[in-house]
Amino acid sequence: METIRNALDFSDFPRLDLTVAGAVSIAFVVFPLFPHSAFAMATMIQFLMFSLYGMGWNTIGGYGGQVDLGKAQYVGIGAYTTAVMLIRWDVPFWVSMPIGMCLAVGWSFIIGYPLFRLKGHYFAIATIASTLVLKDIFEVWGFVGAARGLEISPIKYNPPDFLRLIFRDDIYYFYTILGFFFLGIFYINWFRKSRLGFQLRSIKDNEDVARSLGINVHWAKVKTYAIATAFVSMVGSFHACYIKSIEPEDTMSLDISILIALMAMLGGAGSLWGPIIGAGILIPLKSYLKEWLGAQAGLVGIDLIIYAGIIMLISAFEPRGIWGIVEKIRRRTRS
Amino acid sequence: MRSIFRFSMLVFGLLAMAGLLAPTGALGVKEVKIGVIYPLTGGAAAAGRELRAGVELATKIANGVMADLPMTMAQNSGIKNLGGAKIKLIFKDHEGNPTLGADLAKKLILDDKVDGILGCYFSSVTKTVSAVCEQYNVPMINASSTSPALTKRGLKWFWRTTPHDKWFTKDLFELLKGLTEGKVQGVKAVPKKEIKNLASACEKTEWGSHVSGLIKEFAKEYGFKLRKSFLYAAKSADLSSEVRSLKASRADVMLFASYTSDAILMVKTLKAQKAHPKVIWGQDAGFEKPEFRSTLGDSISGILTRTVFLPKVVEIKKLAGQVNALYKKKTGNDLGGASARAFTGLQTWVAVLEKAGSTKPADIQAAANAIYIPGKELVVPWKGIKFSTSGDELGQNILGSGLIGQYQKGKDGKISLEIVYPFDVSSADMIFPFAGF
């Protein structure tokens, strides 16, 4: 009960933040009721997915200060668990998703325990390496379709199938991922005020001091890594049902790992709203720049140059991301 | 009251006359929108440009009249059975990303209201896009994805004009067999032990991994020994360890399935490490792109690639020569396997729409299932286009065929592709063994 109360308690945020967050939440809920394009809907779903990936990354990367560039392996574990269980044994999404989360968490303990003996750049490199190794294994593992991956048949199921999460219209996927999105916010709100949350922040500030205070630094990192993993794996399961076709090169690529970290860092690592802001800017920016300046306009590649330029500008202006800019403005206004 | 009644009658009368006098075409279809999804940025951007140019040229011919071209679509302006409706292309760039491809397909179908889709080159993207089309009952024609699995899924809204990799890989082994039997033009029978050891390196998405599997299958069937077989990432910035592994296998024949940038990098690395197999063969794609030739220059002399179109085809097919001239005028390059197939894909769309006489999906579906385009109307050297409507390869064109070409230096000092397989249409003696870099 105490946990639920903590999760729903946002009273430490300024009223302005809560007003904006409330208005945005209502806008998300009613978004499908207003005229919208299929492209806008697909962009919204991508945004929500990457917000959740970012929230997961933010626990270990933002609050814990451990730069993890290997999250794609857990996207893959979630996606493959759901796809394999559905295709081979017709197991519904709502059963396979938690199983995928458990498998991913189990794998995260195996990977995380030795990896957290490393620090800084070495840890980041090791996370990349572990993803590449797992991806290579999946690419030759016949049981999971090897490099060709798996496809959830587009003709076998009758949409809407709420048990298997097979829909034709994206509105169902939107509300499903929106539900996960709100649950994710509540969970992270609880997490940041939990004992583990405080331990992590002290580890981030000064690991030796944290250790001298009696915090089991290594174990706190491993546990948080598992929490981050569960988030990412959950969205991975959703991804499998949404796209209906997964392959290692698409699901477990280094690009995904970097994008996840980039969204959270650019939005503002270590803050509740940071990953959401990062995804909210980068996902629509990339999609719509491509739409306006891409193939049809005959300006192929210009969209990518502008996209990269904006990322570099934000990073150069405020390394703590967009949330850092907001806080800077706030401090100036107060003083 | 009476005056109001009279006024109403007058208005209705005028409206009725306007309706009768209006040309019937005004109520018909003005344009047919085809969504075209290709990789226009990223590692396969060069292929994307070629595909786009092929489709645009076919559209220009279909929307205008070019009476001297012996093909039905060049004789009419627009789609004749749709009141001369013009083809309008809406291009999208999938970047080689299957997830993005699926989102773009939804956009084309739901927002742009396209009548059909053409694409996507990458088999992995074609898989997700065709699944979206199947969900929304929107017809999709694929002209250049060759993973055999694509037409084995029982889809009812997906048709593929190009032959697939099973046929192409079989062609390769027929060529190797022909080498041992003395069937290859300009080469005496080679003892099998001299070319028995094979090694393959294929990029690791849907397409490459399937080709790798097929090479294993056929090597066994034809009695060759596959000493090394692995997959690699097409985006790799360095392939030196892969090439070391190939060299260590001491293979006589090296086989590749690569996209453009990795095909170039692979050959550069083979050259740098002084690899010297007797045969180097590429499964089309990167090995056939103009950039492959322009970047690597003379060093590719002797390398083989499978394809469905070579500039030499113009010597045996007048239509191919005419279209090639138009394409060269537009791009500065000859038609290649990708552009010729993209051209044929759009041509198939036009033929299907002519036969359907409607843009209703069900009519297009029925027309596609019944269509027959004779080989004489195509730029590619196939017997024609006719889609399978039963069995385990629904929607596959059953009249396609492949070619194997070899890069050779001509008398003018330029590198060009000569046909070496099928043996009966060979355009030059095959260079065997590969002379080295």
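I worked with a predicted model, where local features need pLDDT of at least 70, side-chain atom pairs count only at pLDDT 80 or more, and totals for chains, interfaces and linings use all residues. Residues are numbered from 1 along each chain as its sequence is written, and chains are lettered from A and ligands numbered from 1 in the order in which they are written.

**Helix pair.** I looked up H8 (195-205) and H10 (217-243) of chain A; they pack at about 120 degrees, with axes 10 Å apart. Helices (H or I, at least four residues) and strands (E, at least two) are DSSP runs, numbered from the N terminus. Axes are lines fitted to C-alpha atoms, for helices over the stretch in contact, and angles run from 0 to 180 degrees between N-to-C directions.

**Chain contact.** I found 26 residues of chain A in contact with 30 of chain B. Contact means that C-beta atoms, placed from the backbone, lie within 7 Å. On the chain A side, H3 (38-63) and H11 (248-251) each give two or more residues. H3(A) gives the most, with 3 residues.

**Sheet in chain B.** I traced an open sheet of 7 strands, ordered S7-S6-S8-S9-S10-S13-S14, with mixed pairing. Strands pair if DSSP finds at least two bridges between them. S7 (225-232) and S14 (415-421) of chain B are at the edges with a single partner strand each, so one side of each lacks a neighbour in the sheet. On average, neighbouring strands are turned by 25 degrees against each other, direction ignored. I then checked S6 (197-203) and S8 (253-257) of chain B: they run parallel, joined by 5 bridges. B:Leu198 has B:Val253 in S8(B) as its bridge partner.

Technical notes
Two residues are in contact if their C-beta atoms, placed from the backbone, lie within 7 Å.
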